[in-house]
Amino acid sequence: MVDDGRGGFARASWANVLGNVVKIVVEGAAGLAFGSVALVADAAHSVADLVASLVVLVWGRSTFDEPDDTHPHGHERIEPLTALFVGAVIAVLGLNLLYESVRGILYGVDVSFSLLLLGALGFAIVDMYLVYRYTEAVNEGLESTALEALAADCLNDIYTSLAAVVGVFGVLLGQPLLDPIAGGLVSLLVIYQGVDIGRENVGYLVGASPGPTKRAAITEILRDHPAVEGIHDLTVFYDGPVLEVEVHVEVDGDMPFRRAHDIESELVASLRGLEDVGDAHVHLDPSGIGEWKDQRDR
C-alpha cells in the first residue's frame, strides 16, 4: 500500500458512511409516506450497510499501523477481517431480502404509486453509483480488500434499488407481484456476492496458498537465476492480503560467503518485485549433497 494510504482509505470509508446515511433518509421518508415496502426495505438494507461502513472506517484503518511488540508482522490481517464482516453482512441482508420477497409473492404487497417513489429510487441509485466510483478510484492505488467489499456492497445497493424500481412500475401497471419477484432474483445475487467476499477473505486470514499460476511464477524466477542449481521446500501462503514466500535454494557450496549473500539478496528482491508478494525468505543450501536430493522440486 502507498505511504499516504491511510488518508485515502479514510476518505473512501467516509464517502460510504455519508452515502448510506443520505440514502436511508431519502428512501425511508418516501417509503413511509406512500406505504412502499420495497423502499422501506431498501432503506433498512442500507442501515446494515452503514454499520459495515462504520466498522471499516474505525477498524480497517488499523491495517496501516506500523509493526509493534504485540504485532511484529504488522496489522494487515485486520483488513481482510473487516472485509469478512462486510461479506457476512451482505449475505445476511441477501437472505433477509429473499425471505421478504418470498413472503411478498405468497401474501402480496400493498403500495400506492407516486412519482416521488421513482424520484427517491433514482436519487438512491445515483448516490450509490457515485460512492461506488469514488471508492473504486481510491482503491486503485490501495488494493484494499475492505474497500473492495464496500464497493461491491454499493453495487448490491444499486441492484436492490433497481428491483424496487421494477416493483414500483409493477404497481403502476397493475402487477404488484413484479416487486417481490424482482427482489427475489436480486437477493440471490446479493447472497452470492457476500459468500464470495467471505470465502476470499477467509483464505487471507487462515494463510491459504495461492493458485498454481502464482507458484509457477515464483518457481520460474528462482530457477532463472544463473547461480541456482535447485530448489526445495517452497512454501507460498497469504499473510493477510499479501503473499509470503519461504524457500530453500541450492547453490555451489564452495562459493565465497559474500557472493552467496549477494545471491540471496538478488533472489529476495526479485520475489518481492512480483505482484502480491509482500515478503520473501530465502535459505541457501549447498548443492550436490544427498540431504536435499529427494526433496528437490523437479
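**Briefing: helices and packing in a predicted chain**

Helix α6, spanning residues 178–205, comprises 28 residues and extends 41 Å from its first C-alpha to its last, close to the 40 Å expected at 1.5 Å a residue; the expected span is 1.5 Å times one less than the number of residues. This is a predicted model, in which local features need pLDDT of at least 70 and side-chain atom pairs count only at pLDDT 80 or more, while totals for chains, interfaces and linings use all residues. Residues are numbered from 1 along each chain as its sequence is written, and side-chain values use heavy atoms, with hydrogens and water left out.

**Secondary structure**
- The chain contains nine helices and three strands, where helices (H or I, at least four residues) and strands (E, at least two) are DSSP runs numbered from the N terminus.
- Along the sequence, the pattern is α-α-α-α-α-α-α-β-β-α-β-α.

**Packing of α7 and α8**
- Helix α7 (residues 212–224) packs against helix α8 (residues 257–272) at an angle of about 150°, with the axes 10 Å apart.
- The two helices, α7 and α8, are therefore roughly antiparallel (angle over 145 degrees).
- In α7, I218, I221 and L222 meet L267, S270 and L271 of α8, with contact meaning heavy atoms within 4.5 Å.

**Whole chain**
- Of the 298 residues in the chain, 47% are buried (under 20% relative accessible area, 1.4 Å probe, protein chains only).
- Among contacts in the chain with a separation of 6 or more, 73% link residues 24 or more positions apart.

Key: Buried means under 20% relative accessible area, exposed over 50%, partly exposed in between (1.4 Å probe, protein chains only). Axes are lines fitted to C-alpha atoms, for helices over the stretch in contact, and angles run from 0 to 180 degrees between N-to-C directions. Angles under 35 degrees count as roughly parallel, over 145 as roughly antiparallel, 65 to 115 as roughly perpendicular and the rest as oblique.
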